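This report describes selected features of one protein chain.

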Amino acid sequence: MNTKYSDLINQTYYFPQAEFKLNKDNLLFHNIDLMKLVEQYGTPLKFTYLPQISENINKAKAWFRKSMEKNKYEAKYYYCYCTKSSHFEYIMNEAFKNNIHIETSSAFDVNIVENLLENGKINKSTYVICNGFKRDEYISNIARLINNGHKNTIPIIDNYEELDLLQAEIKGKFKIGIRIAAEEEPKFEFYTSRLGIGYKNIVSFYKKQIQENDKLELKMLHFFINTGINDTSYYWNELVKCIKVYIALKKECPTLDGLNIGGGFPIKNSLAFEYDYQYMIDEIINQIKIACDEAEVDVPNIFTEFGSFTVGESGGAIYQILYQKQQNDREKWNMIDSSFITTLPDTWAINKRFIMLAVNRWNDTYERVLLGGLTCDSDDYYNSEQNMNAIYLPKYNKEKPLYIGFFNTGAYQETIGGYGGLHHCLIPQPKHILIDRDENGILATEVFSEQQTSDDVLKILGYKKKL
């Protein structure tokens with residue numbers, strides 16, 4: 001009988017895959033021996049595999065280049081990194097090795113941009129796309145960036161008042177974009193995105209407040225779909241409406257030459273994941289080209305703001321199964337040595353799926369389990385809803401420690417979980433390591449942050465040590 005965990009995976013998925021394979025009965029991730037990491041650093045453990053960031057960036061750039069050549073698309077493509085996915089310096093340092101641009105979401109993002117400029121990671125030709133709802137400090141920081149000579153800073157107008165706020169602080173002429181308030185999916189809780197200006201109001205907004213204003217140069221129309229770039233009738237319908245607005249606006253505004261189609265490329269969340277990136281890009285480029293040619297307007301430069309796609313597949317987390325609780329005749333709970341709420345908050349908040357696999361003991365028999373975290377919160381679990389189907393792992397054996405890994409967790413989890421701060425039930429933040437590979441393929445690891453101590457937590461809470 002095929003009763004080993006390895007048999008189960010092989011029968012359920014195509015395995016091995018590009019980033020996953022086995023060394024005897026231990027899992028390798030990008031040829032990284034995860035059990036060696038466990039032996040060296042312990043668990044719970046978070047890691048970032050830096051080369052994956054550059055790999056994904058260059059894949060996307062190649063897909064767009066190929067599509068533009070295929071469709072004879074006479075404009076440029078600009079890859080922007082969406083900083084809100086992960087603001088860490090080690091992410092920025094890796095991402096900006098690849099001649100890309102940056103998208104900001106809030107005031108402190110601009111301070112990061114200034115640091116990157118100061119340290120030569122980006123330069124005056126780098127586009128800085130400033131998104132989000134802007135008030136006070138964000139406005140002032142954008143103005144400072146432009147007033148200091150960074151002319152490729154483009155604030156994306158989110159509402160009618162922002163123009164006046166920006167003009168009050170920016171000296172001389174500056175570039176702007178306008179964000180479309182896309183309609184949400186029919187099943188969504190509301191009809192229209194809270195961000196941006198409605199489709200029907202954009203041309204009239206331009207004519208009333210921008211067209212005759214010598215201080216403003218409209219360069220970009222910004223389009224973002226909350227559910228991402230997917231092959232659905234909803235996405236294509238919204239894209240067609242966006243292109244129509246671009247064409248109508250372009251006929252009124254000769255300086256408009258950029259269409260930002262936002263972020264939203266999905267990342268691998270299962271061993272069964274399938275998504276044809278090249279097909280989607282071909283269709284997007286083709287639809288824009290056909291519509292612009294028919295309307296006799298120049299095709300726009302294309303901007304994207306990929307966040308999760310840039311960093312998501314670089315991250316992972318490894319936990320040990322501490323104990324198994326048999327709660328009734330059907331439910332076995334494997335308790336991990338951390339908390340899902342604090343270390344993978346999207347599993348708890350939005351039922352997000354990540355790839356979950358055993359790290360060791362692949363040649364052992366398996367069983368069906370549920371996974372529980374360390375907090376006293378009843379919602380601190382990972383179950384079949386997040387995992388797409390039932391969770392099977394090598395059978396719990398007190399004498400044979402079992403380790404499990406969650407993969408492609410690199411986007412949002414650290415900031416949503418409150419990196420460096422307090423966590424639910426005071427569960428400490430895990431140790432985090434960075435993994436790099438040199439030109440000879442030699443791996444190097446370093447500790448980015450140690451696991452939180454009780455002293456770290458008490459200090460945040462305001463407790464003072466006795467002298």
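**Helix 1 and its packing**

Strand 1 (20–23), strand 16 (355–358), strand 17 (366–372) and strand 19 (391–394) are the elements against which the buried residues of helix 1 pack. The model is a predicted one. Helix 1 spans residues 5–12, and its buried residues are Y5, S6, D7, L8 and I9.

The loop that runs from helix 1 to strand 1 contains P16. The peptide bond between F15 and P16 is cis, with omega at about 5 degrees.

**Domains**

The domain assignment divides the chain into domain 1, made up of 5–42 + 314–461, and domain 2, which covers 51–311. Between the C-alpha centres of domain 1 and domain 2 the distance is 34 Å. The contact between the two involves 27 residues of domain 1 and 17 residues of domain 2.

P44 sits in the loop between helix 2 (34–41) and strand 4 (45–49).

**The second largest pocket**

The volume of the second largest pocket is about 350 Å³. Its lining consists of 19 residues, of which A18, E19, Q52, K59 and E313 are the closest to the pocket centre. Helix 3 (residues 51–70) supplies six residues, the largest share of the lining of this pocket. By residue class, the lining of the second largest pocket has nine nonpolar, five polar and five charged residues.

R361 belongs to the loop between strand 16 and strand 17. Is R361 buried or exposed? R361 has a relative accessibility of 7% and therefore counts as buried, since the cut-off for buried is under 20%.

The side chain of R361 comes to 2.5 Å from the backbone oxygen of K395. With residues up to four places away in sequence not counted, R361 touches Y5, D25, N26, P394, K395, N397, K400, P401 and L402. One of these, Y5, is also among the buried residues of helix 1.

The loop between strand 11 (216–222) and helix 9 (233–252) holds D231. The relative accessible area of D231 is 47%, so this residue is partly exposed; partly exposed covers values between the 20% limit for buried and the 50% limit for exposed.

Which residues are in contact with D231, leaving aside its neighbours within four places in sequence? They are W236, Y279 and M280. With W236 there is also a polar contact, from the side chain of D231 to the side chain of W236, at 2.7 Å. D231 and A291 are separated by 60 residues in sequence, and their C-alpha atoms are 19 Å apart in space.

N351 has a positive phi, near 55 degrees, and is a residue other than glycine. N351 is placed in the loop between helix 13 (345–349) and strand 16. The relative accessibility of N351 is 31%, which means that N351 counts as partly exposed.

C425 is not a glycine either, and its phi is positive at about 60 degrees. The loop that contains C425 runs between helix 15 (413–416) and strand 21 (431–437). With a relative accessibility of 36%, C425 counts as partly exposed.

Definitions and conventions. Residues are numbered from 1 along each chain as its sequence is written. This is a predicted model: local features need pLDDT of at least 70, side-chain atom pairs count only at pLDDT 80 or more; totals for chains, interfaces and linings use all residues. Side-chain values use heavy atoms; hydrogens and water are left out. On a 1 Å grid over the protein atoms alone, a cavity is a set of points where a 1.4 Å probe fits but cannot get out, and a pocket is an open set with protein on both sides within 12 Å along at least five of seven lines; lining residues have an atom within 4 Å of a point. Grid points are joined across faces, edges and corners, and a volume is the space filled by probe spheres set on the points. Helices (H or I, at least four residues) and strands (E, at least two) are DSSP runs, numbered from the N terminus. Ala, Val, Leu, Ile, Met, Phe, Trp, Tyr, Cys and Pro count as nonpolar, Asp, Glu, Lys and Arg as charged, and the others, Gly among them, as polar. Buried means under 20% relative accessible area, exposed over 50%, partly exposed in between (1.4 Å probe, protein chains only). Contact means heavy atoms within 4.5 Å. A polar contact is a pair of N or O atoms within 3.5 Å; within protein, one must be able to donate a hydrogen and the other to accept it, and residues adjacent in sequence count only if both atoms are side-chain atoms. Domain bounds come from an automatic or database domain assignment.
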